[in-house]
Amino acid sequence: MRSFQSMLNYFPEEVLEHVFDFLTSHRDRNAVSLVCKSWYTVERFSREKVFIGNCYAISPERLISRFPRVRSLTLKGKPHFADFNLVPHDWGGYVQPWIESMAKGGVNLEELRLKRMLVSDESLELLANFFPNFKSLVLVSCEGFTTDGLAAIASNCRFLRELDLQEIEVEDRRGQWLSCFPDSCTSLVSLNFACLKGEVNLASLERLVARCRNLRSLRVNHAVPIDALQRILMQAPQLVDLGTGSFGQDPDSDSYNKLETAMQQCTSITSLSGFLEVVTARCLPAVYPICRHLTSLNLSYAAGIYSDELVKLIRHCNKLERLLVLDTIGDKGLGVVASTCKELQELRVFPSDIHGGNAAVTEEGLVAISAGCPKLNSILYFCQQMTNAALIMVAKNCPNFIRFRLATLNPTIPDAVTMQPLDEGFGAIVKSCKGLKRLSVSGLLTDQLFLYIGIYAEQLEMLSIAFAGDSDKGMFYVLNGCKKLKKLEIRDSPFGDVALLEDMGKYETMRSLWMSSCEVTLGACKTLAQKMPRLNVEIINDSDQMEASDDDKQRVEKMYLYRTLVGPRKDAPDFVWTL
Amino acid sequence: MEGVMSHESDLNLKATELRLGLPGTEESTAKNNKRASPELVDDGQLFKLESDAKAGDRETAPASKAQIVGWPPLRSYWKNNVQSKKTEAETGNYVKVSMDGAPYLRKIDLKIYMGYSELFKALENMFQLTIGEYSEREGYKGSDYAPAYEDKDGDLMLVGDVPWEMFMSSCKRLRIMKGSEATGLGCGA
């Protein structure tokens, strides 16, 4: 051992750096930097990609001082439940200070990926003007900017390769942002503006596609009609990923036939999405030519395609690895998926009617998929009903789940046959799927399930709980048992102060804890905040439910706590109290 | 919680009710699953109900569907863009159709037509007239009539310029124009 140790000491830094270059995962790099001081130093100067799961855990200045050569930054802002309207828009998560610091610090930023952050036009302008090598912007569920900001990016980022906007409400300023890409811009590899509501200049789009010979991924919005899409495809037969835009037109026209021909040329497309308008089934056959190559298919926006048409389409897709679909596919349709898509790894089934009118998919569909698709490892399933027997069967068929998310439309529904809680079913899942990292549970659930989770879910990193459990014991079982837990989010469950304060040190091993409509009191939150200075304990008082009185016994409606190295944040709005 | 799925009229509000009592306890709910509704506040508002003690004396008044904030857990962007479409798909898209000189207006459901050609056939049939050939340059040639529509901004537009889906979502009412007024729409000036 001693000679090995001294051998390592003789490695010049360049060699170490070269070795570290092979480490791409930030977790590996984090581990490496803990080995010794010299490895820490070499690693920090060579790290180019930084992932920050909570933008308030660290400050931009400290990021830049530790990783001066950072080129790619991923930041996440609001807590996950913000996706479901539980967090006010102006809670925080501003990207502006990060961009300002990096500009001041002379960072050579090339890539920025943001999730649930507030992005202003000013931020986008700064980004476009201060980072000459900027190449890639990916925004997911962000808000706060308009098409003017996009125009700044298009105009000024000379080497832009990727502009990817996912599920964002962007205010349309009618400024023809797409036309702002200069004629000299030929570097685009990926362009996704499917979520934009406004018009785009079709001629500019066609010219842009024609000159970007490396374009691999193009997702257009609803304003691009079929005849324009067809012309675009003729210019870009090399596309690998296509988002079709509205795709909802009169299929008798000449354009439809031209589209079918264009599709036949696109032999490289392996990923398909779009269908943003109510699609009449008559247009769908145009895509059949590319179906047999598809590995990814997203029909989750295609309201109005009914089961038999969906099924006809899917029968052509036997290489599918990833499928997103509405529950109009039905249990029978899922049976067809099970028999056709043997390579399926990820499935998401969304509810076409959240008021739960007709039971479109039930536990039967899920069981069929689990039986037919042995490679399945990730599922998000919205359903009308579920049974323990079905979940036990699924657990037996698919022990490889990494992500398992089930959402019953009625959040406290019991087993549809036995009327029992669904503890045993979900328990079977955690027991069987030893690699499970993410779990969302729903239905009638007692503390027993959480005992199972604490015992069996050894790799679990993220757990979402809603309307479940009986007592503090439930939460305790989870916090005590799941050693790798990083994010815990709980709503409307009877967990209170005792569970919250049982093991305060645990929260420093986690990224964050969200609790809303639970039994936690202000006093307990204050205690926690006082005892744990490296946690920010925030109370969100958005509907003025709480008074800033000293009544420590009042229940806290929304609490969000997270570990941080930089203390309470300075940009919290009035309704957020950091204790 | 019996009969959750089968009773569409029983809105099963008990299941979605938020109580200060523990969600696991079932005794009171099992007895009351045939009840219609507790007092509710408006749709979409997070509501808190009183404890189970009051369960027995609640009125059986019909109420709007209870909605819990943030459940089912779906991103708002997706909800706004898919759920609303589904409702549209079910209720139809009726617009008024007026014809210059006719004594009364008609109504048609744009949703049932696949495109412009079907729409024109229906209008020709309804009003006993011919619409003519569309051309970008000259509007509708070969007849005295031109189909126009009022869009979201209140402007009078010629039918046929924009893709069908776009037309369907922006058309508020139709107007079949006649004679010199009609040909005036189509000319280059």
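Where in chain A does Asn85(A) lie? In this predicted model, Asn85(A) sits in the loop that runs between strand 2 (72-76) and helix 6 (96-104) of chain A. With a relative accessible area of 44%, Asn85(A) is partly exposed.

Ser141(A), placed in the loop between strand 4 (136-140) and helix 8 of chain A, has a positive phi of about 50° although it is not a glycine. Ser141(A) has a relative accessible area of 15% and is buried, whereas Asn85(A), at 44%, is partly exposed.

Helix 7 (residues 121-130) and helix 8 (residues 147-156) of chain A pack at an angle of about 5°, their axes lying 8 Å apart. Because angles under 35 degrees count as roughly parallel, helix 7 and helix 8 of chain A are roughly parallel to each other. On the side of helix 7 of chain A, the contact is made by Asp121(A), Leu124(A), Glu125(A), Leu127(A), Ala128(A) and Asn129(A), while helix 8 of chain A brings Asp148(A), Gly149(A), Leu150(A), Ala152(A), Ile153(A) and Asn156(A). Divided by class, this contact of helix 7 with helix 8 of chain A has 6 nonpolar, 3 polar and 3 charged residues.

Further along chain A, another pair of helices can be described in these terms. The axes of helix 14 (residues 330-340) and helix 15 (residues 363-372) of chain A come within 8 Å and cross at roughly 5°, which makes helix 14 of chain A roughly parallel to helix 15 of chain A. Helix 14 of chain A takes part through Asp331(A), Leu334(A), Gly335(A), Val337(A) and Ala338(A), and helix 15 of chain A through Glu364(A), Gly365(A), Ala368(A), Ile369(A) and Gly372(A). The residues of this contact between helix 14 and helix 15 of chain A divide into 5 nonpolar, 3 polar and 2 charged.

Helix 15 of chain A is also one of the elements against which the buried residues of helix 16 of chain A pack, together with strand 14 (403-408) and helix 17 (423-432) of chain A. Which residues of helix 16 (residues 388-397) of chain A are buried? They are Asn388(A), Ala390(A), Leu391(A), Val394(A) and Ala395(A). Seen down the axis of helix 16 of chain A, these buried residues fall within an arc of 160°, so they line one face of the helix. The face of helix 16 of chain A turned away from the buried side carries the exposed residues Ala389(A) and Lys396(A).

Of these neighbours, helix 17 of chain A can be followed in detail. The axes of helix 16 and helix 17 of chain A come within 7 Å and cross at roughly 10°, and the two helices are therefore roughly parallel to each other. The contact is made by Asn388(A), Leu391(A), Ile392(A), Val394(A) and Ala395(A) of helix 16 of chain A and by Asp423(A), Glu424(A), Gly425(A), Phe426(A), Ala428(A), Ile429(A) and Ser432(A) of helix 17 of chain A. By class, the contact of helix 16 with helix 17 of chain A has 7 nonpolar, 3 polar and 2 charged residues.

Cys36(A), in the loop between helix 3 (26-32) and helix 4 (37-46) of chain A, counts as partly exposed at 32% relative accessibility; its C-alpha atom and that of Leu196(A), 160 residues apart along the chain, are separated by 49 Å. Ser255(A) lies in helix 11 (residues 254-265) of chain A, and Ser255(A) and Gly106(A) are 149 residues apart in sequence and 50 Å apart in space, C-alpha to C-alpha.

Chain B has 6 helices and 7 strands, and buried residues make up 42% of its 189 residues. Among contacts in chain B between residues at least 6 apart in sequence, 50% join residues at least 24 apart. Within the loop between helix 2 (27-31) and helix 3 (76-91) of chain B lies Pro72(B), and the peptide bond from Trp71(B) to Pro72(B) is cis, with omega near -5°.

Methods: Residues numbered from 1 in each chain as written. Chains lettered and ligands numbered in written order. Predicted model: local features only at pLDDT ≥ 70, side-chain atom pairs only at ≥ 80, totals over all residues. Heavy atoms only, no water. Axes fitted to C-alpha atoms, helices over the stretch in contact; angles between N-to-C directions. Helix = DSSP H or I, 4+ residues; strand = E, 2+ residues; numbered from the N terminus. Parallel < 35°, antiparallel > 145°, perpendicular 65-115°, else oblique. Contact = heavy atoms within 4.5 Å. Nonpolar A, V, L, I, M, F, W, Y, C, P; charged D, E, K, R; others polar. Buried < 20%, exposed > 50% of the residue type's maximum accessible area, 1.4 Å probe, protein only. Arc of directions from axis to C-beta.
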